[in-house]
Amino acid sequence: MSRPDPYAPRGLALTLETAGAWLLAIVWIAPLAYAIWTAFHPQEFSTRFVWNAPLTLENFARVLEAAPFGRYMLNTFVYVTFVLACQLVLCTLAAYGFARYDFFGANVAFALVLAQLMIMPDVLIVENYRTMTKLDLVDTAPGIALPYVASAFGVFLLRQTFKSVPKELDDAARVEGASPLQTLWRVYIPLARPVYVAYALVSISYHWNNFLWPLIVTNSVEARPLTVGLQIFAGVDQGIDWSVICTATLISAAPLLVAFLMFQRQFVQSFMRAGIR
Amino acid sequence: MDRRQFIGGASALAVGAMAPGAVSAQAAQEISFFYPVAVGGPITKLIDAYAADFQKDNPGVAVKPIYAGSYQETIVKALTAHKSGTPPVTSVLLSTDMFTLIDEDAIIPFDEFVKTDADKAWLKSFYPAFMENSQTGGKTWGIPFQRSTVVLYWNKEAFKEAGLDPEKPPQTWAEQLDFAQKLTKRDAAGNVTQWGIQIPSSGFPYWLFQGLTTQAGAILANAAGNEVKLDAPEVVEALQYWIDLAQKHKVHPPGVTEWGTTPKDFFERKIAMMWTTTGNLTNVRNNAKFPFGVAMLPAGKRRGSPTGGGNFYIFKKSKPAEQQAAFNFIKWITTPERAARWGIDTGYVAVRADAWDTPAMKDYVAGFPAAAVARDQLPHAVAEFSTHDNQRVTKALNDGLQAAITGAKPPAQAMKDAQTEAMRILKDYK
């Protein structure tokens, strides 16, 4: 089976490409490597790199003592999962409607969805806050999640994917007696799996890192996600302690990093197939 | 079951793990209080204790502190809530945000609550230097709470090694330069191993720069907050002095120096003298592994430093009864005893003169005389730079300063450009 790839670089091109890849990899990993170094060494070594510097877990103890990270982690997890679950359901149904049904005003409605893509969520903060106040949802996990559950990007992406599904498969399912929802479930969703994985990754990383809206809409430890909890260590008034900041950052980013490393192959393949760059 | 519980419950079912929504069933009147610190630090414990004590003294009123991050994040949060019609009742925010809050119609002056003679005496008890950033147009909009000034920290060991008297900090600009020259150490290759002095210039260089301009005899902004004088000859002279430390005399690290890591550079003996806030006092005390001193900033034509830090504000859209309760809380938390305790616990400057006469404060100063330096400097202190549309005007000044420090523009030109930009922004407020 293995034939040499005619497009694979050879000779000088290969050297250049390899060097470029290494350079990018080093640039990418340097901050992470620094964070790991600083987190596991005492404060004196945060800017001095001595190979035999003593290792310590003291920074972790200090961070965990300074902030209820377990609680923040749980909040972030709840918030991210809740958003993603709602997004998947809503976007799938909306995309299916737009892709396969010709109803009155479909184009106008889709244009409105596209217009929403152009609006930064940050400009809607005041209006969203007012809505959350009226719903009595300020300072709750649903309050953080609700403005994001209908995702224009998700609708757009899935609609394009569903449109590329051959109509014959749909027809065949109908002939077999499948209802519209069964068709969606048995035909469209399985075929769009790579897109779902890619979209989920984008959504999770966006919401895991989301800061401004959660900061504004939450008031208490019980509702705040990691990002808002993390900034306790970034206060510059009292001077910056790099070891603690790096440790806290590492704790916050670890679940995503581990997940990415574990599912790296699937993610990369999904992105290739889904065409999101 | 109300809506919040329902949705909380529904999402718990949906995702499998979710604590019930906020539990809040109280008969007491609740006063929401935004405080600019993130959750979990030692300061939150102090604030929580104040809130609990106040409730003990005033059953029926519950002050609910909400920790909102940095000053910047707190004002974003407070103004968002204000625009949505549900502001906090009171908040501690930067004293320099006064004009912004007035322009947004977010706060009310304290004057309407000050009725009795005792109230009037209370309002007069704060240091005038702090009130400069709290009053405009004849009204008091903010009450000083956590205030600071810039002071000079010096490493006594480094002084001894350089042949200087470790107990005598520099008193004038000339001495400061002279000391810095003696304190700058170079290795055989000519690389600097210890700089004489560092005046940080990242983030908010205008604040430390204001120390220099005040000493040079300039006042940057008027009390109405609609006129600035950034290109006055004294201002350029102050900037030239700062830049010369680095570029001409080479006793100050070149380029923009980082505010946040300046104390760390000091601990690691990379710098022998530093300018920074009194708010760093506890940090330096805990982390400096050598004897250090704290002094007033050296004098140019005069001594001088800006004040800094946060004031209490009361928000306009809250209910009158809540505002009154918040006023009582603010009065309660700024009694001499509590102002003294707060200063001792945090390192902020106790905001009223009689706080320094309390036994607790006297004991503290006797054991740690450095704590009183900021107070002694107050008669020389001026208002922190604050104008209408403060963020943009301050940015114009900061950009000018950093352009001059990095050598992108000559000082006079940089300040002239900053002045033009600032006055363009301010022309709507004339």
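## Close-up views of a predicted two-chain model

The C-alpha centres of domain 1 and domain 2 of chain A are separated by 33 Å. This and every other value in the legends below is computed from a predicted model.

**View 1. Domains of chain A and the position of A:Glu58.** In the domain assignment, domain 1 of chain A covers 11-61, and domain 2 of chain A covers 68-241 + 254-274. A:Glu58 belongs to helix H2 (residues 58-66) of chain A. Because A:Glu58 has 15 C-beta neighbours inside 10 Å, this residue is classed as partly exposed. A:Glu58 and A:Phe82 are 24 residues apart in sequence, and their C-alpha atoms lie 34 Å apart in space.

**View 2. Crossing of helices H2 and H13 in chain A.** The axes of H2(A) and helix H13 (residues 242-262) of chain A come within 9 Å and cross at roughly 75°. H2(A) and H13(A) are therefore roughly perpendicular to each other. On the H2(A) side, the residues in contact are A:Asn59, A:Phe60, A:Arg62 and A:Val63. Their partners in H13(A) are A:Ser243, A:Val244, A:Thr247, A:Ala248 and A:Ile251. Sorted by class, the residues of the contact between H2(A) and H13(A) are five nonpolar, three polar and one charged.

View 3. A:Leu112 lies within helix H4 (residues 106-117) of chain A. With 11 other C-beta atoms within 10 Å, A:Leu112 is exposed, since a residue counts as exposed at 12 or fewer. A:Ala152 is 40 residues from A:Leu112 along the chain, and 9.2 Å separates their C-alpha atoms.

**View 4. The two domains of chain B and the side on which they touch.** Domain 1 of chain B is made up of 25-148 + 308-380, and domain 2 of chain B of 149-307 + 383-429. Between the C-alpha centres of domain 1 of chain B and domain 2 of chain B the distance is 28 Å. In the contact, 26 residues of domain 1 of chain B meet 28 residues of domain 2 of chain B. On the side of domain 1 of chain B that touches domain 2 of chain B, at least two residues each come from helix H4 (98-103), helix H6 (128-131), strand S6 (143-155), strand S11 (305-314) and helix H16 (373-377) of chain B. This side of domain 1 of chain B comprises 10 nonpolar, 11 polar and five charged residues.

**View 5. Crossing of helices H9 and H17 in chain B.** Helix H9 (residues 205-216) and helix H17 (residues 390-405) of chain B have axes that come within 9 Å and cross at roughly 75°. H9(B) and H17(B) are therefore roughly perpendicular to each other. H9(B) contributes B:Pro205, B:Tyr206 and B:Phe209 to the contact, while H17(B) contributes B:Thr394, B:Leu397, B:Asn398, B:Leu401 and B:Gln402. Five of the residues in the contact of H9(B) with H17(B) are nonpolar and three are polar, with no charged residues.

**View 6. Nonpolar cores and the contacts of B:Met273.** The largest nonpolar core holds 140 residues, of which B:Val151, B:Tyr153 and B:Met273 touch the most other members. Helix H10 (residues 233-247) of chain B supplies the largest share of this core, eight residues. Apart from residues up to four places away in sequence, B:Met273 touches B:Leu152, B:Tyr153, B:Trp154, B:Ala180, B:Leu183, B:Gly196 and B:Ile197. A second, separate core has 19 residues, among them A:Ala95, A:Tyr96, A:Ala99 and A:Tyr188.

View 7. B:Leu426 is part of helix H18 (residues 411-426) of chain B. Because 20 C-beta neighbours lie inside 10 Å, B:Leu426 counts as buried. Beyond its neighbours within four places in sequence, B:Leu426 is in contact with B:Asn226, B:Glu227, B:Val228, B:Thr387, B:His388, B:Asp389 and B:Val393. B:Leu426 and B:Asp389 are 37 residues apart along the chain, with 7.4 Å between their C-alpha atoms. B:Asp389 is located in the loop between strand S12 (381-382) and H17 of chain B. B:Asp389 is not a glycine, yet has a positive phi of about 50°. With 18 C-beta neighbours inside 10 Å, B:Asp389 is classed as partly exposed.

**View 8. The positive phi of B:Asp105.** B:Asp105 sits in the loop between H4 and helix H5 (117-124) of chain B. Although B:Asp105 is not a glycine, its phi is positive, at about 60°. B:Asp105 counts as exposed because it has 10 C-beta neighbours inside 10 Å.

Conventions: Residues are numbered from 1 along each chain as its sequence is written. Chains are lettered from A and ligands numbered from 1 in the order in which they are written. This is a predicted model: local features need pLDDT of at least 70, side-chain atom pairs count only at pLDDT 80 or more; totals for chains, interfaces and linings use all residues. Domain bounds come from an automatic or database domain assignment. Two residues are in contact if their C-beta atoms, placed from the backbone, lie within 7 Å. Helices (H or I, at least four residues) and strands (E, at least two) are DSSP runs, numbered from the N terminus. Ala, Val, Leu, Ile, Met, Phe, Trp, Tyr, Cys and Pro count as nonpolar, Asp, Glu, Lys and Arg as charged, and the others, Gly among them, as polar. Axes are lines fitted to C-alpha atoms, for helices over the stretch in contact, and angles run from 0 to 180 degrees between N-to-C directions. Angles under 35 degrees count as roughly parallel, over 145 as roughly antiparallel, 65 to 115 as roughly perpendicular and the rest as oblique. A nonpolar core is a set of buried Ala, Val, Leu, Ile, Met, Phe, Trp, Tyr and Cys residues joined through C-beta atoms within 7 Å.
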